[in-house]
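This briefing concerns the structure shown below.

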Amino acid sequence: KNGKYDVLCLWGGYNAFQRMAILAAKKLNIKVYHFENGSLPNTTVMDNKGTNYNNSVPRDRSFYSNIEINFTPAPLVPRDTLSAKPATILPQRYIFCPFQVELDNQILINSPWITNMFQFYEVIEELAKHAPEDCFFVIKAHPNCKQDYSELYKKNNPKIVFANNNSTEDLIKNADFIITINSTVGIEGIMKNKKVITLGNAFYSGYGFAKDARSVDQILYLLSDNMWEVEEEENLKFLSFLQNIYFVPGSWKSPTKEHLE
């Protein structure tokens, strides 16, 4: 109030101190902008509503019908691997199920059904009981998550494979389906025209580009849905909107003149 600020800028905007600052700013008619890493490679979010599920990306599929297709796919940002060990040899058919950071806001705030990766593993175990004999589930632990999953590794479920040292891009590219809570891998799966199922709240799901499931039965139904076809042209319109209109080009880690402008 005393500083006569015009704009409040926040990274994310979800912790308690940030939420208090947002409330104060709104009472004083100060604009608020939320920043975050973009879901497309080498992009940044700047949104006056929020980030991730709380962002201002339109949720009406018809909105994208008039978007001009002009999408240039960029190489996915490589994730670290958990060790220098060789990549795991993968089964011919598999469903990719990426783990996320346990205490990330995407799990704490935007995942009403699955609250941690141990519960996610239990869901995958249940799915594996009903999967065809030649279909497997591949998990990659998030390299930035400090959680110890050794008890899951020891289970040695024959239908579940951990591929912590494999390239995420390769895991996406060769998967039959992607089941994610709400991670960036979902968007990357859409870029590769994969069938993506989200188990939590995701801004790219529920209106045509990915499908929502809130139970094991719903996931099994989607996995067996022979009518589900990926609409590649519609995906390109959605991705064109994100790349050319919504996301700020460039990363905050190495800002260019274009990015700053």
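A residue is called buried when its relative accessible area is under 20%, exposed when it is over 50%, and partly exposed in between. By that criterion, the buried residues of α8 are Glu 234, Asn 235, Lys 237, Phe 238, Leu 239, Ser 240, Phe 241, Leu 242 and Tyr 246. The model is predicted.

**Helix α8**

- Elements covering the buried residues of α8 include β3 (43-47), α6 (184-191) and β10 (248-249).

**Overall architecture**

- Nine helices and 10 strands are assigned in the chain. Its radius of gyration is 19 Å, close to the 18 Å that the globule rule gives for 261 residues, so the chain is as compact as a globular protein of that length.
- Along the principal axes, the C-alpha atoms fill a box of roughly 65 × 40 × 35 Å.
- Of the 261 residues in the chain, 46% are buried.
- Among contacts in the chain with a separation of 6 or more, 63% are between residues 24 or more positions apart.
- The accessible surface of the chain is about 14300 Å², and carbon and sulfur atoms account for 51% of this area.

**Phe 96 and its surroundings**

- Phe 96 belongs to strand β4 (residues 94-98). Its relative accessible area is 1%, which means that Phe 96 is buried.
- Which residues are in contact with Phe 96, leaving aside its neighbours within four places in sequence? They are Val 138, Lys 140, Thr 168, Leu 171, Ile 172, Ala 175, Phe 177, Ile 178, Ile 179 and Val 185.
- Phe 238, one of the buried residues of α8, is 142 residues from Phe 96 along the chain. The C-alpha atoms of Phe 96 and Phe 238 are separated by 23 Å.

**Nonpolar surface patch**

- Leu 103, Leu 108 and Ile 109 make a nonpolar surface patch of about 320 Å².

**Salt bridges**

- The structure contains nine salt bridges.
- One of them pairs Glu 125 with Lys 155, with the closest N and O atoms 3.5 Å apart. Because Glu 125 lies in helix α3 (residues 117-130) and Lys 155 in the loop between α4 (150-153) and β6 (160-162), the pair ties together parts that are 30 residues apart in sequence. Lys 155 is partly exposed, at 43% relative accessible area.
- Lys 129 and Glu 126 form a salt bridge in which the closest N and O atoms are 3.2 Å apart. Both residues lie in helix α3, and a spacing of three residues separates them by about one helical turn. Lys 129 is exposed, with 63% relative accessible area, whereas Glu 126 is partly exposed at 29%.
- Lys 173 and Asp 170 also form a salt bridge, and their closest N and O atoms are 3.7 Å apart. These two residues are three apart in helix α5 (residues 168-173), or about one helical turn. Lys 173 is partly exposed at 43% relative accessible area, and Asp 170 is partly exposed at 36%.
- Salt bridges link Arg 93, Asp 134 and Asp 176 in a network.

**Positive phi angles**

- Most residues other than glycine have a negative phi.
- Lys 4, which is not a glycine, has a positive phi of about 55 degrees. Lys 4 is in the segment before β1 (7-11) and is exposed, with a relative accessible area of 71%.
- Asn 156 likewise has a positive phi, near 50 degrees. Asn 156 is placed in the loop between α4 and β6, and its relative accessibility of 60% makes Asn 156 exposed. Lys 155, the salt-bridge partner of Glu 125, also lies in the loop between α4 and β6.

Conventions. Residues are numbered from 1 along each chain as its sequence is written. This is a predicted model: local features need pLDDT of at least 70, side-chain atom pairs count only at pLDDT 80 or more; totals for chains, interfaces and linings use all residues. Side-chain values use heavy atoms; hydrogens and water are left out. Buried means under 20% relative accessible area, exposed over 50%, partly exposed in between (1.4 Å probe, protein chains only). Helices (H or I, at least four residues) and strands (E, at least two) are DSSP runs, numbered from the N terminus. Contact means heavy atoms within 4.5 Å. Patches are made of residues with over 30% relative accessible area and no salt bridge: like charges are joined within 9 Å, nonpolar side chains (Val, Leu, Ile, Met, Phe, Trp, Tyr) within 5 Å. Accessible areas come from the Shrake-Rupley method with a 1.4 Å probe; for residues, only the protein chains shown count as cover. A salt bridge is a side-chain nitrogen of Lys or Arg within 4 Å of a carboxyl oxygen of Asp or Glu. The radius of gyration is taken over C-alpha atoms; the globule rule is 2.2 Å times the number of residues to the power 0.38.
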